[in-house]
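User: I'd like to learn how to read a few features of a model like this one. Can you walk me through it, general idea before the case at hand?

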Amino acid sequence: MWEEIGAGELDWGPFPRRKGNWFLVTAGDERECNPLLGTFGGFLSLWGRDCAAVFLREQRYTRELLDRSACFSIAVLPPAYRDAVKYCGSHSGRDGDKWAAAGLTPVCVDGAPFPAEAELAVLCRKLCAAPLESGWLAPDIRAAYFEGRKAGNPYLFYAGEITKILRRK
C-alpha cells in the first residue's frame, strides 16, 4: 500500500498551493488528531536536516494538538478528495468528528497521524515552534494577514525534521 521514499525523491515543489496541491497538516495522536488545510508551508534545510515548515493560526484546534505533540504530518490527497480537503479548511475539529464529516480516515505511523486516503504523507518530528510576530513583517504582509478581521489571531511557525515520506504505490 505504501512505499517509503527519500527526501530527494519527493516530487513536490516548495510552492504546493500554486500548483493546486493543497495539503493537510495533521497533528495529535491515535486517540485525538485533527487535519487542517495547510495554506502556508514548504520544505527547507534547517540545522543540517531535511525539514518541513508550516504556519498555523493560534486559534486553530490543530495548533493546540501540535503544541502537545512530538510529531505532525503534511499530506497531499488525490484530486478526488478536493472537497474533503476544503472541508478540513473550513470546519473545526472542536465542533465534531471532522474526519467522518470529510469522509477521511485517520491513520498513525510512527506517532504521526495523517489521512489514509493520502497519495503522499510527509511525517515530521517537531523541532521548534515560534510565534510569528507581526512587527517583524513587511507592511503589506502585516496588513494582509495580521490586521483588520485577522488581528488577534497570529500565526505560529513550526519546523519539523522529516522522519519518513510515504508514497502510495
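Analyst: Let's begin with burial: a residue counts as buried under 20% relative accessible area, as exposed over 50%, and as partly exposed in between. Cysteine 71 has a relative accessible area of 16%, so this residue is buried. Cysteine 71 belongs to strand β6, residues 71–76. Keep in mind that this is a predicted model.

User: Now threonine 62: buried or exposed?

Analyst: Buried, because its relative accessible area is 1%. Threonine 62 sits in helix α1, which covers residues 61–68. Its side chain has a polar contact with the side chain of asparagine 34, at 2.7 Å.

User: On to aromatics. How many aromatic pairs turn up in the whole structure?

Analyst: The search finds 4. To sort a pair, look at the angle between the ring planes: over 60 degrees counts as edge-to-face. Take phenylalanine 40 and tyrosine 145: the ring centres are 5.4 Å apart and the planes meet at 85°, so this pair is edge-to-face. Phenylalanine 40 is in the loop between β3 and β4 (41–46), while tyrosine 145 is in helix α4 (residues 139–145), so the pair ties together parts 105 residues apart in sequence.

User: What other partner does the ring of phenylalanine 40 pair with?

Analyst: Tyrosine 155: here the centres are 5.3 Å apart and the planes are at 75°, so we call this pair edge-to-face too. Again distant parts of the chain are linked, since tyrosine 155 is in strand β10 (residues 155–168), 115 residues from phenylalanine 40. Put together, Phe40, Tyr145 and Tyr155 make one aromatic cluster.

User: How accessible are the members of that cluster?

Analyst: Phenylalanine 40 has 27% relative accessibility, so it counts as partly exposed. Tyrosine 145, at 29%, is partly exposed as well. Tyrosine 155 is buried, at 9%.

User: Which residue lies over the face of tryptophan 2?

Analyst: That's arginine 168, at 4.5 Å from the ring centre.

User: And the largest pocket: how much space lies in it?

Analyst: About 270 Å³. The lining has 14 residues, and those closest to the pocket centre are Leu37, Thr39, Arg60, Gly89 and Tyr155. Elements giving two or more residues to the lining are β3 (33–38), β5 (49–57) and α2 (82–90). Sorted by class, the lining residues are 6 nonpolar, 4 polar and 4 charged.

User: Last one, backbone angles. What should I look for in phi?

Analyst: Start from the general rule: most residues other than glycine have a negative phi. Then look for the exceptions. Tryptophan 47 has a positive phi of about 55°, although it is not a glycine. Tryptophan 47 is in the loop between β4 and β5, and at 58% relative accessibility it counts as exposed.

User: Where does aspartate 110 lie, and what is its phi near?

Analyst: Aspartate 110 lies in the loop between β7 (106–109) and β8 (112–115). Its phi is near 55°, another positive value in a residue other than glycine. With a relative accessible area of 54%, aspartate 110 is exposed.

Definitions and conventions:
Residues numbered from 1 in each chain as written. Predicted model: local features only at pLDDT ≥ 70, side-chain atom pairs only at ≥ 80, totals over all residues. Heavy atoms only, no water. 1 Å grid on protein atoms, 1.4 Å probe; cavity = no way out; pocket = protein on both sides within 12 Å on 5 of 7 lines; lining within 4 Å. Points joined across faces, edges and corners; volume = space filled by probe spheres on them. Helix = DSSP H or I, 4+ residues; strand = E, 2+ residues; numbered from the N terminus. Nonpolar A, V, L, I, M, F, W, Y, C, P; charged D, E, K, R; others polar. Phe/Tyr/Trp six-rings, centres within 6.5 Å; stacked < 30°, edge-to-face > 60°. Buried < 20%, exposed > 50% of the residue type's maximum accessible area, 1.4 Å probe, protein only. Lys NZ or Arg CZ within 6 Å of the ring centre and 35° of its normal. Polar contact = N/O pair within 3.5 Å; in protein donor to acceptor, adjacent residues only side chain to side chain.
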